[in-house]
Amino acid sequence: MKRVGEVGGTIVKEPQTTECGGYGRYFQDRDGYYWEVAYGENCQFDENDMLIIK
């Protein structure tokens, strides 16, 4: 998230605990798009390293 600010993005929501036991936060890029960054110890990924959402 430090890098987001360095390149002109805006942190919209500081890290918070999520319902699934991980952490989530949001930022807005220079073009105005919103992004979510999330992590949890129980996250599962497929063979292409894409998050599996159930």
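This is a predicted model: local features need pLDDT of at least 70, side-chain atom pairs count only at pLDDT 80 or more; totals for chains, interfaces and linings use all residues.
How many helices and strands does the chain have?

**Entry on the fold.** I looked up the secondary structure and found 1 helix and 3 strands in the chain. Following the chain along its sequence, I noted the pattern α-β-β-β. I then turned to the radius of gyration, which is 13 Å, well over the 10 Å that the globule rule gives for 54 residues, so the chain is more spread out than a compact globule.

**Entry on extent and contacts.** Taken along the principal axes, the box filled by the C-alpha atoms is roughly 30 × 25 × 15 Å. I also looked up the contacts between residues at least 6 apart in sequence, and noted that 7% of them join residues at least 24 apart.

Of the 54 residues, 11% count as buried.

**Entry on one patch.** Which residues form a nonpolar patch on the surface? I wrote down Val-12, Tyr-26 and Tyr-34, which together have about 310 Å² of accessible area. I followed up one of these, Tyr-26, and located it in strand β2, which covers residues 23-28. Is Tyr-26 buried or partly exposed? Its relative accessible area is 31%, and I therefore recorded Tyr-26 as partly exposed, since buried would require a value under 20% and exposed one over 50%.

Key. Residues are numbered from 1 along each chain as its sequence is written. Side-chain values use heavy atoms; hydrogens and water are left out. Patches are made of residues with over 30% relative accessible area and no salt bridge: like charges are joined within 9 Å, nonpolar side chains (Val, Leu, Ile, Met, Phe, Trp, Tyr) within 5 Å. Accessible areas come from the Shrake-Rupley method with a 1.4 Å probe; for residues, only the protein chains shown count as cover. A salt bridge is a side-chain nitrogen of Lys or Arg within 4 Å of a carboxyl oxygen of Asp or Glu. Helices (H or I, at least four residues) and strands (E, at least two) are DSSP runs, numbered from the N terminus. Buried means under 20% relative accessible area, exposed over 50%, partly exposed in between (1.4 Å probe, protein chains only). The radius of gyration is taken over C-alpha atoms; the globule rule is 2.2 Å times the number of residues to the power 0.38. Contact means heavy atoms within 4.5 Å.
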